[in-house]
Amino acid sequence: MQITVTVNDQPYTREVEPRLLLVHFLRDELGLTGTHWGCDTSNCGACVVQIDAVPVKSCTMLAVMADGHHVTTVEGLEKNGELDPVQKGFTECHGLQCGFCTPGMMLTARWLLDNNPDPDESEIREAISGQLCRCTGYENIVRSVRWAAEHTCTPEVSA
Amino acid sequence: MQVPARFEYEKATSVPHALALLERYGPDARVVAGGHSLIPMMKLRLAQPEALIDINDLRELAHLRVEGGELAVGALVRHAELLASPLVAEHFAILIDAERVIADPVVRNRGTVGGSLCQADPSEDLAAAFAALKADAVVTGPGGSRTVPLRGFHQGPYETVVEPGELLAELRVPVRHGAGSAYEKVERRVGDWPVAAAGALILIEDGLITEAGIGLTAVSAPGFTAPEAEDYLIGREPVDAVFAEAGRRAAAVCNPHADQRGPADYKRHLAGELTRRALRKAARRAAED
Amino acid sequence: MTTSTPMGFGRMHRKEDARFIRGRGQYVDDVQLPGMLHGAILRSPHAHARILSVDTSAAEALPGVKAVITGETLAGLGLAWMPTLSKDVQAVLATDKVRFQGQEVAFVVAEDRYIARDALELIEVDYEPLPSVIDARTALAEAAPVIRDDLDGKKDNHIFDWEAGDRAHTEAIFERAEVRVSQDMLYPRVHPAPLETCGALADFDKVTGKLTVWCPTQAPHAHRTLYAMVAGLPEHKIRVISPDIGGGFGGKVGIYPGYVCAIVGSIVTGKPVKWMEDRSENLMSTAFARDYHMTGEIAATQDGRVQAIRVKVLADHGAFNGTAQPTKFPAGFFHVFSGSYDIETAHCEVTGVYSNKAPGGVAYACSFRITEAVYLVERLMDVLAYELGMDPAELRMKNLLRADQFPYTSPTGWEYDSGDYPRTLALAMEMAGYDKLRAEQAERRANGDRRLMGIGLSFFTEAVGAGPRKHMDILGLGMADGAELRVHPTGKAVLRVSCQSQGQGHETTFAQIVAEELGISPDDVDVVHGDTDQTPFGLGTYGSRSTPVSGAAAAMVTRKVRDRAKLVASAMLEVAPDDLEWTKGRWSVKGDPKHGATIQEIALASHGAVELPEGVEGHLDATCVYNPPNLTYPFGAYICVVDVDPDTGQVDVRRFIAVDDCGVRINPMIVEGQIHGGLADGIGMALMQLMAFDEDGNHLGASFMDYLLPTAVECPSWELGETVTPSPHHPIGAKGVGESATVGSPAAVVNAVLDALKPYGIRHADMPLTPSNVWRAIQGRPIRTDLAIT
């Protein structure tokens with residue numbers, strides 16, 4: 001069936017099978033491979049994207065369910081050549097190693113900060129508790145999100 | 001990555017439209033809302049519906065309000081919405097407790113109250129929470145709506161009273177002023193299904209318990225509840241020894257199965273221990289009110 | 001947290017982050033080739049069964065299916081079996097029998113992954129189920145079914161017996177020891193579960209005869225050579241490209257059947273074929289780790305002086321012996337189990353057996369089974385402390401090797417390079433406030449506090465950087481690493497290395513090594529890795545060997561370039577080479593520092609028209625192969641504090657203090673990140689990661705719903721400290737750190753939980769200490785964690 005999904009502010013109209021998972025729509029149909037997948041059971045969170053500004057697991061959503069909605073992926077975090085503070089925070093605080101969980105972590109972090117601009121450590125840990133990282137032990141992810149919270153108004157900090 | 005088998009897909013635009021679609025596709029159609037139980041099952045090919053009826057656009061099922069002394073929770077209310085609702089926090093701490101430990105924040109953004117109850121997983125948290133609250137389920141079908149006590153809603157693992165062609169429309173929970181409630185869960189790790197969990201509702205008047213509700217999940221308690229333990233509580237003082245005895249009685253009605261979450265004796269122990277803890281917390285909250 | 005780019009070692013942001021934070025990493029599943037087809041594997045539902053027939057006709061008839069490959073197809077090509085890294089063979093696709101649940105049976109190639117998956121449903125396999133060996137402790141029983149009847153004359157499930165140390169001496173000490181304590185313990189089967197699963201994209205070009213394989217391998221060169229040996233393809237016609245890898249942890253060292261299937265699929269169809277395993281396939285069939293059933297014994301004096309340790313191990317290697325370790329060491333480096341202590345003698349015996357479970361054994365950041373060794377000795381130390389009524393910290397301090405004992409030859413033959421263990425433990429205890437914690441614990445116990453507090457210690461010594469080629473090889477390939485450095489005319493450099501990052505930040509740290517040695521900015525150094533056509537030979541990244549081996553190669557090749565630069569500078573400056581001295585980035589005339597040339601000026605001159613001395617070729621390029629003279633021995637002291645609810649069995653990790661000594665730190669930020677990750681592994685293994693099997697051999701942890709990995713909520717905020725004892729034999733004094741925390745942390749967590757349970761008279765319970773296991777331990781009936789809970 002035909003769907004139109006707005007991804008990172010750009011509308012895309014495609015003919016898809018109803019069973020096509022949103023993560024495959026983004027990766028295989030649109031070539032947006034920044035969204036990863038790591039499990040089949042919605043436990044790992046590598047596939048998190050935002051639908052209408054709310055993070056969801058795109059491996060557990062059909063592309064047809066995103067018809068008419070706005071999707072934001074990691075590729076859409078950078079605006080007009082300016083990195084999101086969350087992206088800068090992950091660089092500043094070594095919030096990533098292999099980089100596989102990073103896009104999903106950053107999209108959830110963005111949502112958290114949009115709703116709670118000054119989260120404490122436990123709020124950050126809870127927010128990302130549905131997303132696994134096998135490299136960082138989470139410590140520097142938490143620090144990265146805190147960094148982003150503290151630098152939201154100063155986008156000129158060098159990365 | 002695992003992927004579902006082929007199916008037909010329809011997006012419902014209203015409740016009557018959804019019911020018409022269900023009638024058209026028959027018993028091999030499934031309703032999908034958040035999809036966080038159904039889609040993984042379909043990817044693993046444990047479920048292979050011929051058609052999916054998407055009800056995500058049915059805003060008339062997404063209400064959350066108090067009316068006529070009852071909280072009405074539309075089936076399409078997302079877990080995250082229930083958790084964030086000041087109305088729910090004011091009257092039903094148990095639902096906040098339970099929602100906080102259901103899956104994870106990202107899944108809660110998508111998963112729905114109705115979806116969780118209709119999936120009828122024998123370890124579902126909300127089944128125990130709504131059972132403790134003695135909620136009613138409103139089921140809509142071609143012939144109109146019917147109301148079913150939540151305690152009779154589940155007919156067994158993955159089975160409910162919702163017939164093919166019907167939809168769960170909403171949950172209705174009586175608001176009891178001065179009541180306290182709580183939910184206690186043991187999980188192997190955050191986000192996991194419960195090893196066991198217990199919910200409690202308690203109303204205290206003149207120092208004695210006048211109403212009690214107990215919900216239990218993952219321990220094969222019939223109807224997700226323990227009526228004998230509830231009866232025991234009525235007319236007694238809200239003290240630890242009473243709660244502990246209620247816990248023992250609650251554990252006695254459970255018939256837990258061993259699995260990788262734990263052996264049966266442990267789960268039965270938890271049913272008692274968590275009932276005691278939930279009652280104690282609920283009583284404390286009632287006193288604070 | 002970080003500063004501007006240092007001219008060498010120090011904290012700096014990672015160069016690789018720029019692409020990852022924009023979603024522009026390129027992992028194997030991100031690679032798309034024109035005309036690419038997709039593969040999917042049909043797997044066995046049985047742990048042990050004879051294959052009576054395989055009918056692929058319905059699958060072949062499904063529109064979009066391009067090929068269905070079975071064991072029979074492969075047998076026709078001589079590819080049904082492949083060699084393992086332990087000189088056994090493993091079925092690529094089963095022909096005679098299936099030997100574990102999840103074993104590969106058939107491979108479908110189709111136009112897209114959805115159709116490939118659909119086709120699996122249409123393959124009919126007729127199985128005759130056979131009795132299976134699930135409990136390793138029954139594998140050698142006379143009545144046990146023989147799993148490997150494919151091996152000539154094989155009548156049992158025995159793989160090897162191996163021993164190390166001095167049996168007679170150890171027995172003599174045990175004979176007369178004042179105190180002898182024995183403890184059975186299981187280090188259960190776990191899986192490294194990197195977030196990216198395994199996969200491969202194979203592209204065989206019939207015209208050129210060139211095979212290109214994109215695959216997230218930790219050892220691209222070893223893969224190339226093995227493909228040449230297995231498939232009979234000429235090695236120069238094979239190119240392995242290991243792109244960005246979403247975590248490896250040892251799980252991406254070996255060659256899996258799926259990789260071979262993708263290659264065969266490409267050869268058969270003439271198109272590129274991609275195969276990506278799903279999570280269940282990953283957990284069920286690729287490299288597991290551990291599965292060591294150990295009986296440890298410790299002999300000591302009454303006042304706590306440890307004299308000897310002996311251990312018997314039953315090692316479950318699964319259906320094929322596929323462990324990846326140096327050839328001489330079938331139990332890996334397990335025999336480093338005398339740990340960090342001054343022990344007179346030690347002895348171990350290891351028996352390896354087949355079972356109806358997936359093959360593997362060495363994975364998950366274990367440093368070739370040093371995790372098992374450290375767990376054994378650190379548990380034994382606590383068991384001894386328990387029996388002696390001694391504080392576990394005091395017992396350790398009393399027995400730790402002293403600084404003046406290094407270099408130290410251990411009772412099983414290891415030569416520890418350097419260390420000051422008591423200093424490191426003392427620092428950890430100071431950071432933890434150890435005495436205060438013990439006082440709090442005593443007070444809570446005295447008050448009858450229902451919430452139990454536990455304090456656990458672990459002191460580990462690692463042996464990494466394999467290894468000296470006279471002792472160590474894998475399938476005959478020596479464990480030396482190559483490096484190649486080119487300095488371009490403008491003074492910018494490209495370093496090519498054989499190891500491959502799976503997130504360790506090699507593009508940054510290796511640039512820093514060149515920068516440190518050459519005095520240029522790390523920003524001016526590009527690191528090329530992961531492509532066998534672009535990099536020199538070497539055995540890859542595992543066993544914490546990148547910095548100890550490839551890092552040394554990088555330093556040595558840069559020194560070669562520096563030496564060449566000296567000769568060019570002497571021509572430029574018209575002075576004898578001996579009259580020049582090096583300051584970072586510059587050769588100058590001794591006593592006349594203004595008279596000199598920067599490395600950039602020398603680079604240009606070396607490519608220019610300066611007349612060079614006799615025998616100097618010009619340009620600033622060099623290659624080198626580094627053959628390590630010894631392993632390196634990082635070490636550390638860990639302290640974990642937990643709270644346990646005895647009425648539910650739940651464990652909360654309150655604090656975790658880790659003091660690591662990995663010698664010189666190239667980029668402390670990256671070192672700390674590596675440690676953080678390993679500490680989380682310790683929480684996971686100690687508390688939740690459970691891979692058990694029911695009596696029919698069904699895998700009970702085959703998805704992330706059942707194989708639980710720690711989240712941010714279970715992890716505390718790690719408290720790190722450091723001591724620095726450089727390795728005396730390593731060019732830059734670095735020891736490596738990648739696996740230290742994974743090796744050292746599980747014992748600290750387990751020791752903490754058991755310390756909390758001490759008032760119940762509990763000395764030991766096996767990992768993982770899940771709520772049910774803790775509660776059952778308190779009831780005196782701990783759970784057998786390798787089998788289904790009943």
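1. In this predicted model, C:Arg11 counts as partly exposed, because its relative accessibility is 25%, whereas C:Glu672 has a relative accessible area of 15% and is therefore buried. The side chains of C:Arg11 and C:Glu672 meet in a salt bridge, with 2.7 Å from N to O.

2. Over all chains, the count of salt bridges comes to 103.

3. In chain A, A:Arg146 deserves a look with both of its partners. A:Asp118 forms a salt bridge with A:Arg146, and the closest N and O atoms are 2.9 Å apart. This pair, too, links distant parts of its chain: A:Asp118 sits in the loop between α3 (102–115) and α4 (121–127) of chain A, while A:Arg146 is in helix α5 (residues 139–150), 28 residues apart. A:Arg146 forms a salt bridge with A:Glu150 as well, again with the closest N and O atoms 2.9 Å apart, but here both residues lie in helix α5 of chain A, four residues apart, or about one turn of the helix. A:Asp118 counts as exposed because its relative accessibility is 53%, and A:Glu150 is exposed at a relative accessible area of 51%; both values should be read against a cut-off of over 50% for exposed.

4. Turning to the interface of chain A and chain C, 49 residues of chain A are in contact with 57 residues of chain C, and the two chains bury about 4500 Å² between them, 54% of it on carbon and sulfur atoms. Six salt bridges are found across this interface, together with 28 residue pairs in polar contact. One salt bridge joins the side chains of C:Asp29 and A:Arg27, at 3.4 Å from N to O.

5. On the side of chain A that touches chain C, α1 (22–29), α2 (85–92), α4 and α5 of chain A each supply at least two residues, and α2(A) gives the most, with four residues. By class, this side has 20 nonpolar, 16 polar and 13 charged residues.

6. For chain B, the unreviewed UniProt entry carries the annotation "domain: FAD-binding PCMH-type" over residues 2–178. Over residues 2–178, chain B is 32% helix and 26% strand, and the end C-alpha atoms are 49 Å apart.

How values were computed:
Residues numbered from 1 in each chain as written. Chains lettered and ligands numbered in written order. Predicted model: local features only at pLDDT ≥ 70, side-chain atom pairs only at ≥ 80, totals over all residues. Heavy atoms only, no water. UniProt positions renumbered as here; feature names shortened; annotations may be inferred. Salt bridge = Lys/Arg side-chain N within 4 Å of Asp/Glu carboxyl O. Buried < 20%, exposed > 50% of the residue type's maximum accessible area, 1.4 Å probe, protein only. Contact = heavy atoms within 4.5 Å. Buried area = accessible area lost by both parts, 1.4 Å probe. Polar contact = N/O pair within 3.5 Å; in protein donor to acceptor, adjacent residues only side chain to side chain. Nonpolar A, V, L, I, M, F, W, Y, C, P; charged D, E, K, R; others polar.
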